[in-house]
Amino acid sequence: MGSLWLSLSLLIYLSYFSLSAADPVTCSGIVPMRYRNDKISIADFGGVGDGVTLNTKAFREAIYRIQHLKRRGGTLLYIPPGVYLTESFNLTSQMTLYLAKGAVIRATQDTRNWPLIAPLPSYGRGRELPGGRYISFIHGDGVHDVVITGENGTIDGQGDVWWNMWRQRTLQYTRPNLIEFMNSKNIIISNVIFQNSPFWNIHPVYCSNVVVRYVTILAPSDSPNTDGVDPDSSSNVCIEDSYISTGDDLVAVKSGWDEYGIAYGRPSSDITIRRIRGSSPFSGIAVGSETSGGVENVLVEHINLHNMGVGIHIKTNIGRGGFIRNITVSDVYMEKARKGIKIAGDVGGHPDEKYNPNALPVVKGITFKDIWGVQVLQAGLILGVKNSPFTGICLSNINLHGVMGSRTPPWKCSDVSGAAHLVSPLQCSELRGAQEAASCTNY
Ligand SMILES: *[C@@H]1O[C@H](CO)[C@@H](O)[C@H](O)[C@H]1NC(C)=O
Ligand SMILES: *[C@@H]1O[C@H](CO)[C@@H](O)[C@H](O)[C@H]1NC(C)=O
Ligand SMILES: *[C@@H]1O[C@H](CO)[C@@H](O)[C@H](O)[C@H]1NC(C)=O
């Protein structure tokens, strides 16, 4: 039995790679890569890559120059090999931040002088604590045509001081993201390594046309809230061909928090997540739990996960309102997970006591197909909301196998309707048979 599963999983593994090698499908074309004629180097602005000198002035002056000279076609800011310590800085439109091989942009650990900014209107407060929040290490607000790329240089958040403040409960405000774009469009982030973010790594919020590809995102598995990429109230986002291994969700699609997110009313839509590999004690690919502006038209495919908490996780709560609809997840392989698939309406807290308990989320039109896993302790949990059952939940060709002798039932379902076809093992009588499954492959 063991060797059968071994060879089966090997087969799946090999077919995954041969498929992706022969499969050129990409959504990265939504933002064209820019060639910039005008090039400057951080060294021209006094940048010193010795790992000790603080380069805040060099970064801010270089970017000020790009913003004010406005060279036709934009400007490339070159970061040569070396370790450039700096405080946070803002990007501007029509620029490329280019990290050479061996270039490291490293965040200062001086948390006392870290600037604060207003909370996001769709969250009403900082995600962790009431009030404002620390600005992201690299920030862009209201910018367009920005590229962060190079030869796999590193953006290092040195987050352990922040993680320790979180652990010791000495944080005053919500920790900084490593990179945040707000109200921005036409953004490409590629061929960069992100490591040790204080909080979420890459956070596009109120953005459109964002491509994240060929990135590596790393943080220790016990680092708190180090999500990989969190598209939030954003549309046309493409996340492809990346390796992410962090202490929280690898990718989580969000759209605001309870009454604040409902009032702001900006959904996340048209999100593609493809060819992602990685590992996390929490979720691989997630939608939620903050989905109050709604999430729709999400395609997740060719995902390869190992040592996971939950493989694929769709999560919401009462008070969230909003909708989660037209989500397709296919071609997922996972090895060693506590849970394979979870869709649940009781996840995550509330910003304050003013949330409306009658604001129930609507979850509808969720398709999972061609999902394989070995050493998955529990295959699936689908737990709808009592007065707002999840509908159109379709499962087909799902093989999530546990460990021998486990007494956990493979599936648990409640307040859900839909169909299941070729799901083994399945014990979820709420989902009907093959005929309905055929009719629900299209939302
Ligand atoms: C960076 O942008 C933020 C908000 O967009 C602003 O509050 C802050 O003053 C800017 N920082 C610098 C150094 O320009
Ligand atoms: C950078 O990393 C990406 C993704 O891991 C890889 O595909 C690419 O070949 C690397 N590029 C260079 C210049 O090392
Ligand atoms: C559902 O989402 C897919 C992307 O996964 C999109 O191509 C399709 O048009 C959407 N369907 C509807 C009815 O919006």
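## Overall dimensions

For a chain of 443 residues, a compact globule would have a radius of gyration near 22 Å, and the chain agrees with this because its own value is 22 Å. The radius of gyration is taken over C-alpha atoms, and the globule rule is 2.2 Å times the number of residues to the power 0.38. Along the principal axes, the C-alpha atoms of the chain fill a box of roughly 65 × 50 × 40 Å.

This is a predicted model, in which local features need pLDDT of at least 70 and side-chain atom pairs count only at pLDDT 80 or more, while totals for chains, interfaces and linings use all residues. Residues are numbered from 1 along each chain as its sequence is written, and chains are lettered from A and ligands numbered from 1 in the order in which they are written.

## Secondary structure and burial

The chain comes to 5 helices and 28 strands, counted as DSSP runs (H or I of at least four residues for helices, E of at least two for strands) numbered from the N terminus. Of the 443 residues, 54% count as buried, that is, with 20 or more other C-beta atoms, placed from the backbone, within 10 Å of their own.

Among contacts between residues at least 6 apart in sequence, 76% join residues at least 24 apart; a contact requires C-beta atoms, placed from the backbone, within 7 Å.

## Domains

The chain is divided into domain 1 (1-16 + 27-218) and domain 2 (249-443), with bounds from an automatic or database domain assignment. The C-alpha centres of domain 1 and domain 2 lie 29 Å apart.

In the contact between them, 12 residues of domain 1 meet 16 residues of domain 2. The side of domain 1 that touches domain 2 divides into 8 nonpolar, 3 polar and 1 charged. Here Ala, Val, Leu, Ile, Met, Phe, Trp, Tyr, Cys and Pro count as nonpolar, Asp, Glu, Lys and Arg as charged, and the others, Gly among them, as polar.

## Nonpolar cores

A nonpolar core is a set of buried Ala, Val, Leu, Ile, Met, Phe, Trp, Tyr and Cys residues joined through C-beta atoms within 7 Å. The largest has 111 residues, of which Leu77, Val251 and Ile343 touch the most other members. Strand β23 (residues 323-344) gives the most to this core, with 11 residues, and the core draws at least three residues from each of domain 1 and domain 2.

Beyond its neighbours within four places in sequence, Ile343 is in contact with Ile314, Val363, Ile366, Ile382, Phe390 and Ile393. Another core, of 5 residues, lies apart from the largest one and includes Trp162, Trp163, Phe199 and Trp200.

## Ligand surroundings

Ligand 1 is surrounded by Arg60, Asn90, Ile117, His139 and Asp141, each with its C-beta atom, placed from the backbone, within 6 Å of the molecule. This shell divides into 1 nonpolar, 2 polar and 2 charged residues.

Technical notes: Contact = placed C-beta atoms within 7 Å. Buried ≥ 20, exposed ≤ 12 C-beta atoms within 10 Å, placed from the backbone.
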